[in-house]
Amino acid sequence: MVVVSLGDLVLDVVVRIDSEIARGADTPARTSLSAGGQAANVAAWASALGASARWLGKRAADAPGLLAAEELERRGVELAGPVERAGNGVIVSLVERGGERSMFPDRGVATRLEPAELRAEWLACDHLHVSGYALLAEPVRRAAARAVELAREAGATVSVDLSSWSTIRDAGAARFRSQVEALGPDVVFANEDEQDVFGDPLPGVAWILKRGSRGCSFDGDERAAIDVPDVVDTTGAGDALAAGWILGGPDLALETAARCVQRAGSMP
């Protein structure tokens, strides 16, 4: 199966703390660097699960971009899309006790992907996964819409992840909803906060509602989360679940999410 994931590839800086934040002072932390970004995470997990995975987006050939690109390629993911000299995105993730994470994204050149920069061969796939972040800025929103057209021409199915309740709110929920609806996705992934802002599920679309440790609703099929002995980091768990669902449905989705939360970082 060929899976293409469209969106950001960033350098992911994960800061893990085990105590309360000492505001205005020092808080001991463990810090790691890795490739990240929702679309890149889905591609990496899809590759780990046996798919032929391709990431599609705009990145930069600066130090953060090269580090992220090299790591994603080492995970068996093909990189597609234009490359600029500088300005790759960086995301800082703060992981607190219990695995809860807060993200501070700088998307860099990812938002500057143009529809004319896409090539039809990049969208020759069985499934196209679109990060909702790609619908929150121009011109990448128009590029995402064109990518869906090209993927449909190749016979692909399409999924969209709503990505972030706060960015949906800031962009305007009604506007964002109309943009997602216009893509005509087969599947939408959302968590409860995102659904609260977005509104009711779109009619005729498979709606996958992620509830974290309380499991997931797969278009009405309620499943409990898999018990894990120790939650290390929840970063990327939803992306792992999406890749699992695309490749194998609910069972593989839950298994992949459980694998993700037992390790640090967002990729396999």
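In this predicted model, helix α1 holds the buried residues Gln38, Ala39, Ala40, Asn41, Val42, Ala43, Ala44, Trp45, Ala46 and Ser47. Ten of the eleven residues of α1 are thus buried, so the helix is largely enclosed by the rest of the structure. After α1 comes glycine 50, which has a positive phi near 105°.

**Aromatic pairs**

The structure holds three aromatic pairs. How far apart are the ring centres of phenylalanine 176 and phenylalanine 198, and at what angle do their planes lie? The centres are 6.1 Å apart and the planes stand at 85°, so this pair is edge-to-face, a term for angles over 60 degrees. Phenylalanine 176 lies in helix α5 (residues 173-183) and phenylalanine 198 in helix α6, so the pair ties together parts that are 22 residues apart in sequence. Both of these phenylalanines are buried.

Phenylalanine 198 also pairs with tryptophan 207: the ring centres are 5.7 Å apart and the planes are at 35°, so this pair is tilted. Tryptophan 207 is buried, as is phenylalanine 198. Together, Phe176, Phe198 and Trp207 form one aromatic cluster.

**Salt bridges**

The count of salt bridges comes to 18.

| aspartate 18 | arginine 30 | 3.3 Å |

The side chains of aspartate 18 and arginine 30 meet in a salt bridge. This pair links distant parts of the chain, with aspartate 18 in the loop between β2 and β3 (30-36) and arginine 30 in strand β3, twelve residues apart. Arginine 30 is partly exposed, with a relative accessible area of 43%.

Glutamate 149 and arginine 146 both lie in helix α3 (residues 140-153), where they are three residues apart, about one turn of the helix. Glutamate 149 is partly exposed, at a relative accessible area of 45%. Arginine 146 is also partly exposed, and its relative accessible area is 31%.

Arginine 214 counts as exposed at 52% relative accessibility, because the cut-off for exposed is over 50%. Glutamate 192, at 27% relative accessibility, counts as partly exposed. Elsewhere, salt bridges that share partners join Lys58, Glu84, Arg112 and Glu117 into one network.

**The largest pocket**

About 1,400 Å³ of space lies in the largest pocket. Its lining is made up of 50 residues, and those nearest its centre are Arg101, Asn191, Thr234, Ala237 and Gly238. Among the elements that give two or more residues to this lining are α1 (38-48) and α6 (192-198). Strands β2 (10-16) and β9 (101-106) are also among them, as are helices α4 (165-171), α7 (237-248) and α8 (250-261).

**Backbone features**

A cis peptide bond joins glutamate 138 and proline 139, with omega about 5°. Proline 139 lies in the loop between β10 (127-131) and α3.

Serine 163 has a positive phi of about 80°, although it is not a glycine. This serine is placed in the loop between β11 (157-161) and α4. Serine 163 is buried, with a relative accessible area of 11%. Aspartate 219 is not a glycine either, yet it has a positive phi of about 55°. Aspartate 219 is found in the loop between β14 and β15 (221-223). With a relative accessible area of 49%, aspartate 219 is partly exposed.

Terms used
Residues numbered from 1 in each chain as written. Predicted model: local features only at pLDDT ≥ 70, side-chain atom pairs only at ≥ 80, totals over all residues. Heavy atoms only, no water. 1 Å grid on protein atoms, 1.4 Å probe; cavity = no way out; pocket = protein on both sides within 12 Å on 5 of 7 lines; lining within 4 Å. Points joined across faces, edges and corners; volume = space filled by probe spheres on them. Helix = DSSP H or I, 4+ residues; strand = E, 2+ residues; numbered from the N terminus. Phe/Tyr/Trp six-rings, centres within 6.5 Å; stacked < 30°, edge-to-face > 60°. Buried < 20%, exposed > 50% of the residue type's maximum accessible area, 1.4 Å probe, protein only. Salt bridge = Lys/Arg side-chain N within 4 Å of Asp/Glu carboxyl O.
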